[in-house]
Amino acid sequence: MEPIASHENWRNCFSEVAPGLLLFVRQWVQSAADAEDIVQDAFVKFWRRNHDISNRGLLYAAVRSLALDFIRRDARRARREATALAEAEPVIERQFEVDDDTQSALAAAVRSLPCDQREVLVLKIWNDLTFSEIAGALGISQNTAASRYRYALTNLRKTLQPQ
Amino acid sequence: MNDFSELEKELRKLRPSQPSPVLFERVGEALENCRAGASPARQARLPYNWWSLGFGLAAAAVLILFGTVTIERRHEAQQTVAQTSAATETRPAPLRREPSDSRSKFIPAGGTNVVYNARDEGLHFGDGSERPVRRVRYHTQQTWRWRNPETGASLRVSYPSEEIVLIPVSGQ
């Protein structure tokens, strides 16, 4: 329950949450550099406003809000990128460190999930948020968060099952 | 959820990409800038809170003062009523006033006489008078104020009045 503003060793704190936050942002923002900008903005604002470090739902809500703002601001560029991606061979920056083909397939399966399921999965698996915190971050009910998570896992299993 | 435990385990083995070291430097710089600027967000909020507190205290003090004066005036009024009632029961015709304590003493603090209408009603002959007089009718609002120096309470009486002035007219 230590307030983040008094957390002098912010590096420990940031190194804990940064990979998960980046992954969360990259559910909407393709570019890793843009995602890092958003994470930086959100974390610094969170720190400056002296929020409680344990209030992770608020931190993720702030990150999500900034990411959605970025998408709105950058809609033209996003359309241009989308067109370029559709025409050319897509060069997708990696969201995961993969060790083998199995993990590569799993990462691809996660990418193929619908966005609403994917964001719940990312918050639950790689950010260790509870359904209550996820509900707070995404502005949905806990039941909705839990059911989206179940759907995500069901869809992943279907995708990964051998034909 | 047990059905998915294996899948969850596999998912957790996937490690998200690490942020670039540059990001840590940038965040560090931004936080240092915040500290150097003494956290502008908090600075901006602090004077606002003090002003609110100051205004709140001032308002509370005025309310308390007003409440005290009102209660004292009510108390005095009740005392007067009680004294009057008691006097009616025990002393049908009090010849002299009870000596009042200093707290109930009001001293004159001023008065105003505002003329809001003056009408010249022309020349008239008064009863038994041989010379005509000009009659002017004034409508005024008179206000008298008393103040109790002990309690700071004030009393104001205001009433309309009509005044007729007869001005002798001398013939040339």
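**Strands across the chains**

Mentor: Happy to. β1(A) and strand β1 (residues 15-16) of chain B are joined by two bridges and run antiparallel. Strands here are DSSP runs of E with at least two residues, helices are runs of H or I with at least four, both numbered from the N terminus, and two strands pair if DSSP finds at least two bridges between them. This is a predicted model, in which local features need pLDDT of at least 70, side-chain atom pairs count only at pLDDT 80 or more, and totals for chains, interfaces and linings use all residues. Residues are numbered from 1 along each chain as its sequence is written, while chains are lettered from A and ligands numbered from 1 in the order in which they are written.

Trainee: Which residue stands opposite B:Arg15?

Mentor: That's A:Glu97, with B:Arg15 sitting in β1(B).

Trainee: And how many residues of chain A are in contact with chain B?

Mentor: 28 residues of chain A, and they meet 24 residues of chain B; contact means that the C-beta atoms, placed from the backbone, lie within 7 Å. On the chain A side, α1(A) gives the largest share, eight residues. That side divides into 16 nonpolar, five polar and seven charged residues. Ala, Val, Leu, Ile, Met, Phe, Trp, Tyr, Cys and Pro count as nonpolar, Asp, Glu, Lys and Arg as charged, and the others, Gly among them, as polar.

Trainee: New topic: what is the order of the strands in the open sheet of chain B?

Mentor: β2-β3-β4, with antiparallel pairing. The edge strands, each pairing on one side only, are β2 (107-125) and β4 (154-168) of chain B.

Trainee: How many bridges join β3 to β4(B)?

Mentor: 15 bridges, with strand β3 covering residues 132-147 of chain B. Along β4(B), B:Arg156 stands opposite B:Arg145.

Trainee: Now confidence. Where is it lowest in chain B?

Mentor: In helix α3 (residues 40-90) of chain B, at a mean pLDDT of 61, whereas helix α1 (residues 5-13) of chain B is highest at 91. pLDDT is the predictor's confidence in each residue, from 0 to 100. Residues 84-98 of chain B are below 50, and beyond near neighbours in sequence that stretch has two contacts in the model.

Trainee: What are the averages for the chains?

Mentor: Chain A averages 83, with 83% of its residues scoring at least 70. Chain B averages 74, with 68% scoring at least 70. The model scores ipTM 0.80 and pTM 0.53.
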